[in-house]
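Here is a short report on one protein model. Please keep the sequence and the 3D view open while reading.

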Amino acid sequence: MVTFTVNQLKGKIMNTVRAIGATSAEAPLDTLDIERRNPAAGDVEIEILYCGVCHSDIHTARGEWPGTIYPVVPGHEIVGKVTRVGEAVRKFKVGQTVGVGCFVDSCQSCHNCREGLEQYCEAGVTATYNSPSRVEKTITKGGYSTHIVVREEFVLSVSDKLPLYAVAPLLCAGITTYSPLRHWKVGKGHQLAVLGLGGLGHMAVKLGASMGAEVTVLSRSESKRADAQKLGAHQFELTTNPEAKENLSNRFDFIIDTVSASHDYNEYLPMLKTNGVMIVLGVPPTPSELHATQLIFGRKTLAGSLVGGIRETQEMLDYCAAHGIVSDVEMIRADQINQAYERTIAGDVKYRFVIDMASLKV
Ligand code: NAP
Ligand code: ZN
């Protein structure tokens with residue numbers, strides 16, 4: 001049982017809850033106490049059951065991207081149950097299963113927000129963690145915690161049909177791959193390559209195959225060949241084999257690039273057909289150089305995509321519930337988080353670690 005300690009902080013009732021976070025780029029993650037606001041009129045309070053471990057959590061916790069404010073509590077693949085709602089909340093009630101993804105607020109009035117593209121909010125989206133809150137004068141803290149309080153507009157409805165621990169990664173890995181597949185209308189008749197078979201990559205394979213594309217996994221890990229097929233891929237090519245790479249020139253309509261480490265886009269663009277599109281999802285810590293000729297010859301596009309808006313995230317969750325699509329997960333206890341980070345970096349994850357938040361409550 002979790003008991004809240006109620007504190008009076010900056011004139012607001014705050015509740016102290018347990019979390020896992022990092023106090024510096026070098027420090028391992030450890031248990032810490034954080035404050036959550038009492039639900040305001042439009043807020044939903046959620047008891048977190050499961051939270052996925054995204055590579056973005058690692059980039060942020062370890063200061064690989066600029067701008068981490070410590071202590072940081074990562075986690076943006078959240079599934080849980082509603083425990084309290086503010087008096088103005090209409091869409092959710094206590095006991096309901098819900099999810100929270102990569103952002104918890106936005107201006108709600110700019111062109112992008114009105115279009116349902118809150119992730120591209122012109123005033124800056126409020127990320128689920130490590131972002132200045134619009135509600136409190138503090139930095140948001142993510143899903144590696146027992147509870148979270150989120151504005152109703154940024155809470156997703158989750159079906160109880162699928163195992164909830166395996167639904168959690170859909171809130172980032174699922175929507176981040178679903179959104180570009182839909183935007184570029186990937187489907188039947190298309191050759192789709194998925195570069196990197198990790199959390200995002202395995203969801204790109206499942207979703208791309210479910211939409212009718214012919215999927216090829218491009219991986220540096222021979223050990224993932226059999227899994228790629230089980231996940232729905234039609235082919236598997238080893239990127240460490242220069243000959244295989246050469247044979248792939250002019251092969252794909254789309255490449256979805258999920259690689260988390262620095263790599264050379266120039267090596268993959270020749271694999272696109274004329275008019276082909278390479279969609280970069282991975283955010284390596286260092287920039288990459290691009291030769292213009294790679295795009296000019298063959299009228300190719302190098303594009304990027306950031307998660308997906310709230311409307312599209314709900315659409316993706318409903319699509320996955322209807323098609324029985326979930327993530328392949330390895331469940332961990334809260335105290336295994338540092339090991340999980342090391343294994344993710346080593347590419348030893350099949351294919352998403354998910355924290356069982358019950359292990360943080362005892
Ligand atoms: P992940 O589970 O660690 O998967 C990344 C995969 O990249 C690995 O499984 C590996 O696949 C490949 N890889 C890793 N290191 C490599 C290296 N040195 N050289 C070549 N390939 C390497 O990570 P993830 O959670 O899927 O996230 C992937 C990236 O997407 C991260 O940078 C993350 O921050 C970013 N991300 C972006 C968005 C967005 O909105 N655009 C959203 C979420 C995450 P193989 O073993 O198969 O080669
Ligand atoms: Zn993520």
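Asparagine 250 lies in the loop between helix H7 (242-247) and strand E14 (252-257). Its phi is near 60°, a positive value in a residue other than glycine. Asparagine 250 is exposed, with a relative accessible area of 52%. Here buried means under 20% relative accessible area, exposed over 50%, and partly exposed in between (1.4 Å probe, protein chains only). Helices (H or I, at least four residues) and strands (E, at least two) are DSSP runs, numbered from the N terminus. This is a predicted model, in which local features need pLDDT of at least 70, side-chain atom pairs count only at pLDDT 80 or more, and totals for chains, interfaces and linings use all residues. Residues are numbered from 1 along each chain as its sequence is written, chains are lettered from A and ligands numbered from 1 in the order in which they are written, and side-chain values use heavy atoms, with hydrogens and water left out.

Lysine 185 also has a positive phi, near 50°. This residue is found in the loop between H4 and strand E11 (191-195). Lysine 185 counts as exposed, at 67% relative accessibility. Most residues other than glycine have a negative phi, and most peptide bonds are trans. A cis peptide bond joins tyrosine 70 and proline 71, with omega about 0°. Proline 71 sits in the loop between H1 and E5. Another cis peptide bond joins lysine 350 and tyrosine 351, with omega about -10°. Tyrosine 351 lies in the loop between helix H10 (337-345) and E18.

## The parallel sheet

Which way does the pairing run in the sheet of six strands? It is parallel, and the sheet is open, in the order E13-E12-E11-E14-E15-E16. Two strands pair if DSSP finds at least two bridges between them. Strand E13 (235-238) and strand E16 (301-304) stand at the edges with a single partner strand each, so one side of each has no neighbour in the sheet. The twist averages 20° from one strand to the next.

E11 and E14 run parallel and are joined by four bridges. Leucine 192 stands opposite phenylalanine 254 in E14. Helix H5 (residues 199-210) lies across E11, strand E12 (214-219) and E14, at about 165° to E11. Axes are lines fitted to C-alpha atoms, for helices over the stretch in contact, and angles run from 0 to 180 degrees between N-to-C directions.

Is strand E4 (residues 43-52) mostly covered or mostly uncovered? Mostly covered: eight of its 10 residues are buried.

E4 runs antiparallel to strand E5 (residues 78-85), with seven bridges between them. Isoleucine 46 has valine 82 as its bridge partner in E5. Five bridges join E4 to strand E9 (residues 147-151), again antiparallel. There, aspartate 43 is partnered by arginine 151. Three bridges link E4 to strand E18 (residues 352-356), also antiparallel. Glycine 52 has valine 354 as its bridge partner in E18.

Cysteine 54 is in the loop between E4 and helix H1 (55-61), and histidine 76 is in the loop between H1 and E5, 22 residues apart. Both cysteine 54 and histidine 76 are buried.

## Helix H4

The axes of helix H4 (residues 173-183) and helix H9 (residues 310-323) come within 10 Å and cross at roughly 100°. That makes H4 roughly perpendicular to H9, a label for angles of 65 to 115 degrees; under 35 counts as roughly parallel, over 145 as roughly antiparallel, and the rest as oblique. The contact (heavy atoms within 4.5 Å) includes Ile175, Tyr178 and Arg182 of H4 and Glu312, Met316 and Tyr319 of H9.

Threonine 177 lies in H4. Threonine 177 is buried, with a relative accessible area of 0%. Leaving aside neighbours within four places in sequence, threonine 177 is in contact with Leu200, Met203, Ala204, Leu207 and Leu281.
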